[in-house]
Amino acid sequence: MNDLIIFGATSLARLARYYAEQDMGQKVHAFAVDREYLTEDEFASLPVIEWQEAVRRFPANEVSVFVAVGYRNMRARQAAYQRIRQSGHAMTNIVASSAYVAKDVVMGENNIVMPGVVVEPGVVIGSNNVLWSNATICHDTVIGHHNFIAANTTLGGGVSLGERNFIGFSSVVLQGRRIGDDTLIGAQSLITHDTADLSLYYGSPAKRIRALDADVGVVVADA
């Protein structure tokens with residue numbers, strides 16, 4: 001199915017539209033948002049419409065959907081994905097043409113794989129993940145759902161990554177390590193040991209800085 005609507009009207013949504021059209025030959029018809037976020041009629045030269053209107057205008061047998069919710073709140077990313085997929089629309093993966101994804105990689109839905117990403121053989125990737133430019137996912141790593149892996153990150157062979165994690169720019173997770181759920185890893189960190197859930201790690205080698213609020217999970221500020 002080559003026709004697509006994108007849920008969201010942010011920079012990630014604009015990038016998703018670019019790679020979907022330029023690298024995958026899909027036709028993006030519109031951006032869709034919830035009613036309370038409908039503040040403009042157009043974004044990146046395409047119409048912005050309320051989500052329920054999008055469902056009416058673009059039925060599930062005609063278009064697929066990509067949910068483009070960014071990194072600020074990992075639980076919000078999960079909630080948006082789970083809610084939108086209930087519409088019955090197929091959910092697509094967007095993979096830039098310059099990314100290398102080995103033929104035996106198993107991948108769920110609603111993932112975006114940016115330019116220069118390398119995903120080696122034996123990797124399993126869940127759903128609703130962002131793999132930003134030039135990240136390397138080494139052999140036999142298992143990635144869960146709703147994660148954000150920032151640019152130039154390396155996950156060593158056999159790493160286990162759970163759900164709703166944010167891994168900052170140019171971080172490295174050594175081979176065989178386990179990153180559980182709701183973990184925030186600061187930029188340029190080196191993870192040498194398994195991490196605890198609901199925790200912030202930073203440094204090289206990384207140390208646990210503090211616990212995260214169990215009611216909030218991972219929230220990332222712009223600065």
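Where is the place of T92? The close-ups below start with that residue.

**View 1. T92 in the loop between α3 and β6.** This is a predicted model, in which local features need pLDDT of at least 70 and side-chain atom pairs count only at pLDDT 80 or more, while totals for chains, interfaces and linings use all residues. Residues are numbered from 1 along each chain as its sequence is written, and side-chain values use heavy atoms, with hydrogens and water left out. Helices (H or I, at least four residues) and strands (E, at least two) are DSSP runs numbered from the N terminus. T92 counts as buried at 13% relative accessibility; buried means under 20% relative accessible area, exposed over 50%, and partly exposed in between, with a 1.4 Å probe and protein chains only. Leaving out residues up to four places away in sequence, T92 touches L4, Q26, S64, V65, F66, E109, N110 and N111, where contact means heavy atoms within 4.5 Å. From T92 to T153 there are 61 residues in sequence and 24 Å in space, C-alpha to C-alpha.

**View 2. The buried face of helix α3.** Here you can pick out M74, R77, Q78, A80, Y81 and I84, the buried residues of α3. Seen down the helix axis, these residues fall within an arc of 165°, so they line one face of α3; the arc is that of the directions from the helix axis to the C-beta atoms. An α-helix has 3.6 residues a turn, so residues three or four places apart point the same way. The cover over the buried residues of α3 includes β1 (3-7), α2 (51-57), β5 (64-67), β12 (130-131), β15 (148-149) and β18 (166-167).

**View 3. The largest pocket, with a volume of about 970 Å³.** A pocket is an open set of points on a 1 Å grid over the protein atoms alone, where a 1.4 Å probe fits, with protein on both sides within 12 Å along at least five of seven lines; lining residues have an atom within 4 Å of a point. The volume is the space filled by probe spheres set on the points. Of the 40 lining residues, T10, V69, G70, Y71 and R72 are the closest to the pocket's centre. Two or more lining residues come from each of α1 (11-22), α3 (74-84) and β21 (183-185), and α3 gives the largest share, with four. By type, the lining divides into 26 nonpolar, eight polar and six charged residues.

**View 4. The open sheet and its β23-β24 hairpin.** Eight strands run in the order β6-β9-β12-β15-β18-β21-β23-β24, with mixed pairing; two strands pair if DSSP finds at least two bridges between them. β6 (94-95) and β24 (206-211) stand at the edges with a single partner strand each, so one side of each is left without a neighbour in the sheet. β23 (residues 199-203) pairs with β24 in the antiparallel sense over five bridges. Bridge partners include Y201 with R208 and G203 with A206.

**View 5. Q188 in the loop between β21 and β22 (190-191).** Is Q188 buried or exposed? At 60% relative accessibility, Q188 counts as exposed. Setting aside neighbours within four places in sequence, Q188 is in contact with F169, S170, S171, G203 and S204.

Key. Nonpolar A, V, L, I, M, F, W, Y, C, P; charged D, E, K, R; others polar.
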